[in-house]
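Student: I am new to this structure and would like to go through one part of it slowly. Could we begin with a single side chain and work outwards from there?

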Amino acid sequence: MDRIQHKCIDVRGVKLHVAEIGTGPRVVVFIHGFPEAWYSWRHQMLTLAAAGFRTIAPDLRGYGLSEPHPEPEKASFNDFVEDTLTILDYFHIDKAFLIGKDFGSWPAYLLSILHPERISGIVSLGVPFFVPKPNRYQGLPEGFYIFRWKEPGRAEADFGRFDVKTVWRRIYILFSRSEIPIADQNKEIMDMVDPSSPPPPWLTIEDLANYAMLYQKSGFDSPMRVPYYKLKHEDFTVNNPKVEVPVLLIMGGKDYFIKFPGIEDYITSGEVNKYMDNLETRFVPDGNHFIQEQLPDQVNEFIVTFLNRLSDQDQASTNA
């Protein structure tokens, strides 16, 4: 971990914290989800650097050690797309692989659609590309965590009862389970985790301390503006979208997201291929929502194999 270098760079009016390790022309940029940060990719960064890749993992704006959006009410997914593009420009990188997880896969897909010449391929952990729909979560009860967290002031009041470390720990425990987080009518989301519940066994005391430090800096209000406060299908304005770059989709069989309405059928029926021309899918039966931390060796093997194959194909095309 000590070999990972850190710096802050100016990106579209905010200072973003960036972690990096590795050298060479093959570049990988990571885009984390919630409640995560650059640290979520620690296992992948070290393995890919050893495999000959240059790896770059920012804290997204508003997360961890990065500054928040100067106008929080205007924050959107498009910020993450434009920030990632600006990071590539800052480091003079013409083309890169993107690895996203959870909502972090969304800006990766969007960037490949809007600027396919800049993206060599995508690895997505847990989320296929799909066209946003206003009623995607129709049928889920009122206690569904996204519904709760979209209510103005609801998450703030819930989280405000505890310190940052406790909130982060409870979210991680909750999201590590295989069931969709749905609170009873008379309970808040934080009440779904018993105070005596242990963290996942793959999360060390050091990991807890590092995540707590990062979220002590950012708090939760800024991170939750995107994706939860700003989760609107109207923000998506691309006509006839299609992801044409190669994609490796790694799905955990115990990731609660696969139980969202229609998701598993969307993948297994092949409907997803209407929107993704070159898709390779790997199902990991025991994988949960944090599969890259839970089963890093298996995930890393998938990623390295996929990226090496694409790199070899690019080299062969260049030499032809």
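Student: With which side chain does the side chain of Asp207 make a polar contact?

Tutor: In this predicted model, the residues that Asp207 touches, leaving aside those up to four places away in sequence, are Tyr39, Arg42 and Trp202. The polar contact, at 2.5 Å, joins the side chain of Asp207 to the side chain of Tyr39.

Student: Is Asp207 buried or exposed?

Tutor: A residue counts as buried when its relative accessible area is under 20%. Because the relative accessible area of Asp207 is 6%, Asp207 is buried.

Student: Which helix holds Asp207, and how far apart are the end C-alpha atoms of helix 7?

Tutor: Asp207 lies in helix 7, which covers residues 205-218. At 1.5 Å a residue, the 14 residues of helix 7 should span 20 Å, and this agrees with the distance between the end C-alpha atoms, which is 20 Å.

Student: Within what arc do the buried residues of helix 7 fall, seen down its axis?

Tutor: The buried residues of helix 7 are Asp207, Leu208, Tyr211, Ala212, Leu214, Tyr215 and Ser218. They line one face of the helix, because, seen down the axis of helix 7, they fall within an arc of 165°.

Student: Which residues are exposed on the other side of helix 7?

Tutor: The buried residues of helix 7 are covered by elements that include helix 1, helix 6, helix 8 and helix 10. On the other side of helix 7, the exposed residues are Ile205, Glu206 and Gln216.

How values were computed. Residues numbered from 1 in each chain as written. Predicted model: local features only at pLDDT ≥ 70, side-chain atom pairs only at ≥ 80, totals over all residues. Heavy atoms only, no water. Helix = DSSP H or I, 4+ residues; strand = E, 2+ residues; numbered from the N terminus. Buried < 20%, exposed > 50% of the residue type's maximum accessible area, 1.4 Å probe, protein only. Polar contact = N/O pair within 3.5 Å; in protein donor to acceptor, adjacent residues only side chain to side chain. Contact = heavy atoms within 4.5 Å. Expected span 1.5 Å × (residues − 1). Arc of directions from axis to C-beta.
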